[in-house]
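Hi everyone, thanks for coming.

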Amino acid sequence: MNGFLYGIMLQWKLDIRSKSLLVTCYIVPFFFFLFMGGIFTSVMPGMRSTLIQSMIVMSVSMGAFIGLPPSLIETYGSDINKIYKANGIPVYLGLVTMFLSTFVHLMISCAMIVLLAPRLFEAVLPEQLLVFFFALAIYIIVSLSIGSILGLIIKNQAKLTMIAQLVFLPSIMLSGIMFPIDLLPRFLEITGRIFPASWGYQLMLDNGFCLENLWYLILVFFVAVIICGILLKKQKSK
């Protein structure tokens, strides 16, 4: 218990000083929301019904794929990992605390979009907010699980930045949030379905919470948990 509390306190101090977390979970997503929200609703007024879901997909993808992995590298690729071991803290605790911390920040960021979008752009609120936020929580968890793999398996910051962009950009461009996915060539449409963003987007739409949109996210999450477990086991043996 003492080790767990120590890990939480350490992560809290790191979060306060983290410019990366501030930029990827708040500043960039809100600039995108304020800038693109006006463009989308002006060019395509019908998009008001899906604007909230579209902006949230961007925010979650940014925080999960670009915000979380560098924090994991800072912990598992530095002396912080040695501090954990010296104090008898389980090797998985760093991942758990960062995962939970980023989850909370993304939920706050997304909740602010839900509150502001109807006032700023006359966006339509989801019909069932509880179901919507439950779908959102699932989507965030799955996205963070992929971000966790990136942060644990890649040790070089420059390489991580490049690979994170290769996951982030298709998640935005091929998920259906910028334009209807059926306008894409068949190859790109299939490619877009590999990333959880398109599934999460469909899941958060009104009447979209169903097994058809949920099964792939569950599969990705369990595969990610297994991979993270293997990677953490390797960390422990070092």
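**A walk from one asparagine to the core**

Let's start with asparagine 213, which sits in helix H10, the helix covering residues 211-237. Please keep in mind that this is a predicted model.

So, is asparagine 213 buried or exposed? Its relative accessibility is 10%, and because the cut-off for buried is under 20%, asparagine 213 counts as buried. What does its side chain reach? It reaches the backbone oxygen of glycine 208, at 2.7 Å. Leaving out residues up to four places away in sequence, asparagine 213 touches Trp199, Gln202, Leu203 and Gly208.

Asparagine 207 is in the loop between H9 and H10, and its phi is positive, near 65 degrees, although the residue is not a glycine. For context, most residues other than glycine have a negative phi. Asparagine 207 has a relative accessible area of 70%, so it is exposed.

We find a second case in another loop. Glutamate 122, in the loop between H5 and H6, is also not a glycine and has a positive phi of about 55 degrees. With 57% relative accessibility, glutamate 122 counts as exposed too.

The largest nonpolar core has 73 residues, and the ones with the most contacts inside it are Ile56, Tyr76, Leu136, Ile140, Leu144 and Met204. Which helices supply at least two residues each? They are H2 (19-43), H3 (51-76), H5, H6 (129-153), H7 (157-173), H9 (196-204) and H10. The largest share of this core comes from H3, with 15 residues.

Take leucine 144 as an example. Setting aside neighbours within four places in sequence, leucine 144 is in contact with Ala64, Leu68, Phe99, Thr102, Phe103 and Leu106. As a general point, nonpolar side chains in soluble globular proteins tend to be buried together.

Leu34, Val104, Ile108, Met112, Leu115, Leu116 and Leu120 make a nonpolar surface patch of about 600 Å². Helix H5, residues 93-121, gives the largest share of that patch, six residues. One of the patch residues is leucine 115, which lies in H5. Its relative accessible area is 60%, and since exposed means over 50%, leucine 115 is exposed.

That's my tour, and I'm happy to go back to any part of it on the screen.

Conventions. Residues are numbered from 1 along each chain as its sequence is written. This is a predicted model: local features need pLDDT of at least 70, side-chain atom pairs count only at pLDDT 80 or more; totals for chains, interfaces and linings use all residues. Side-chain values use heavy atoms; hydrogens and water are left out. Helices (H or I, at least four residues) and strands (E, at least two) are DSSP runs, numbered from the N terminus. Buried means under 20% relative accessible area, exposed over 50%, partly exposed in between (1.4 Å probe, protein chains only). A polar contact is a pair of N or O atoms within 3.5 Å; within protein, one must be able to donate a hydrogen and the other to accept it, and residues adjacent in sequence count only if both atoms are side-chain atoms. Contact means heavy atoms within 4.5 Å. Patches are made of residues with over 30% relative accessible area and no salt bridge: like charges are joined within 9 Å, nonpolar side chains (Val, Leu, Ile, Met, Phe, Trp, Tyr) within 5 Å. Accessible areas come from the Shrake-Rupley method with a 1.4 Å probe; for residues, only the protein chains shown count as cover. A salt bridge is a side-chain nitrogen of Lys or Arg within 4 Å of a carboxyl oxygen of Asp or Glu. A nonpolar core is a set of buried Ala, Val, Leu, Ile, Met, Phe, Trp, Tyr and Cys residues joined through side-chain atoms within 4.5 Å.
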